[in-house]
Each structure stands twice: as structure tokens, then as C-alpha cells.
Amino acid sequence: MEKKKHSSGWGTGFAVGIVATVLAAIAAAMIVVYTGAYNVAANDDHTSMVRWAFETTMYNSVQARADDIEVPQDIGDASAGAADYKAMCQHCHAGPGVKRAAWANGMLPLPPHLTKHASEWEPDEIFWLVKNGVKMSAMPAFGAHGDDQKLWNIVAFVKQLPGMTAEEYAAVEGSSHAAKH
Ligand code: HEC
């Protein structure tokens, strides 16, 4: 009688090993999900590796998606965008001579000072960010709060922030409470 071949033995063991590893990983993930072992506190930052991965993903994601957006020739009406910036953005992103609201200091990631950081982004990227927001951060999507023209006006104003003095910023028309105080 012919002997049974066992050439598939190694392959079977390998497959069983993979399945067991996958099941163990799923079980570990479920334990984290169900036991509350993961700390969701806003004041508990990610490890530097995870933070780096989020920031790099965010930057590349915005850049890739903004590519298809056509920037209007004059971007927008910056003076019309000033009031909206002061009402909708300043409490998180500050402005020349104006700090972010105290409660906004409790966010991680902190909303960057756009007076400094606006120069790092192209107008189409700022438009995309304002319209769509950023997942898993406190950056809201404003797409539902106005038409594209209103958003382009804000973008035009944001692009002027890096070169603006505190006096110029205070002088531009603003409808927010901050402007009245
Ligand atoms: C409730 C707070 C909050 C408000 C209001 C807000 N943002 Fe943000 N924004 C954030 C946070 C937090 C980030 C950082 C997101 C990240 O790094 O993942 C951010 C990121 C950004 C960025 C990218 C900056 C950078 O260098 O990473 C731009 C541009 C921006 N916001 C523009 C605006 C504009 C314009 C408005 C108003 C229409 C606005 N934001 C309103 C919290 C806010």
C-alpha cells in the first residue's frame, strides 16, 4: 500500500499559526474596546509616534484632496471674511495681538496660531480644511454654515494674517463678542 504523503504538514502548521495570531490580535483589540483600558481623555496626548503619524497623515490627506479645488482668481473678499474669522475661528486660532480663548487651551492637538501657521498652507488647502474639518481633532467642518464664497472670503483673510499687525487686526470690522470687549 502506498504511504500517505505529508508534504503539506509544514504549510498547514503555518496557516494555523497565522489564523491563531489573527484571532489573538482580534481578542486583544476587543479587550481594549470592552474593558475601558484605553484612556480617551482629551488631556492625555498620544505617544510621539502616533502623534507624528496623525500629523503627517493629516497634512498629506489635505494636500491630496485640495489638489482638485480651483482657487478663484482674487481668492475672496478678505474684509468680508474678517468678521466671520473673528466670530468663527479666533477663539481657537487666535489672531495678531489676540490670544485663543482660555478653554481652547484644553485641546489636544492645540489649535495652531494662524498668524504664524497660515503661511504653511495654500489657499486651496485652507479652503478644504475650513469646509471639511479634521477628523479626530477639534477642527470643525464649516461647509454647512455658508456658501463657498463666504468660505473663500475667510480664506482670503486667513492668508493675510501672517503679515498683519495687532493694530490692523483690531481695526478690521468684526461682529464677534471678542471685537466688542
Ligand atoms: C473649536 C476650535 C476650532 C475652531 C472654532 C476652528 N478651528 Fe481650525 N483647527 C482646530 C484644531 C484643533 C486644529 C488642528 C488640527 C490637527 O492638527 O489635526 C485646526 C486646524 C486648522 C488649520 C490647519 C492649521 C495647521 O497648521 O495645522 C487651519 C488652516 C484652520 N484650522 C482654519 C480654521 C478656520 C479658518 C476656522 C474658522 C472658520 C477654524 N479653523 C475654526 C480647531 C478649531
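## Ligand shell and pockets in a predicted model

Q: OK, on to the ligand: how many residues surround it, and which are the closest?
A: The ligand is surrounded by 23 residues, and the closest of these are C89, C92, H93, W121 and M139.

Q: What does the side chain of H93 do there, in terms of distance to a nitrogen atom of the ligand?
A: An N or O atom in the H93 side chain is 2.8 Å from a nitrogen atom of the ligand.

Q: Which helices supply at least two residues each to the shell around the ligand?
A: Those helices are α4 (90-93), α5 (114-117), α6 (123-132) and α7 (148-160), and the largest share, three residues, comes from α4.

Q: How do the shell residues divide into nonpolar, polar and charged?
A: The shell around the ligand has 19 nonpolar residues and four polar ones, with no charged residues in it.

Q: What volume does the largest pocket have?
A: Its volume is about 1000 Å³. The largest pocket is lined by 39 residues, of which M58, L129, V134, S137 and M139 are the closest to its centre. Two or more lining residues come from each of α2 (48-66), α3 (78-88), α4, α5, α6 and α7.

Q: Which of those elements gives the most?
A: That is α2, which contributes eight residues to the lining of the largest pocket.

Q: How does the lining of the largest pocket divide by class?
A: The lining of the largest pocket consists of 28 nonpolar, seven polar and four charged residues, whereas the shell around the ligand holds no charged residues.

Q: Switching to the second largest pocket, how much space lies in it?
A: The second largest pocket holds about 230 Å³ of space. It is lined by 13 residues, and those closest to its centre are V40, A41, D44, H46 and L108. By class, its lining comprises eight nonpolar, two polar and three charged residues.

Q: You mentioned L108; what is the peptide bond from L108 to P109 like?
A: The bond from L108 to P109 is cis, with omega near 0°, and P109 is found in the loop between α4 and α5.

Q: Where does A94 lie, and what is its phi?
A: A94 is likewise placed in the loop between α4 and α5, and its phi is near 60°, a positive value in a residue other than glycine.

Notes. Residues numbered from 1 in each chain as written. Predicted model: local features only at pLDDT ≥ 70, side-chain atom pairs only at ≥ 80, totals over all residues. Heavy atoms only, no water. Near = heavy atom within 4 Å. Polar contact = N/O pair within 3.5 Å; in protein donor to acceptor, adjacent residues only side chain to side chain. Helix = DSSP H or I, 4+ residues; strand = E, 2+ residues; numbered from the N terminus. Nonpolar A, V, L, I, M, F, W, Y, C, P; charged D, E, K, R; others polar. 1 Å grid on protein atoms, 1.4 Å probe; cavity = no way out; pocket = protein on both sides within 12 Å on 5 of 7 lines; lining within 4 Å. Points joined across faces, edges and corners; volume = space filled by probe spheres on them.
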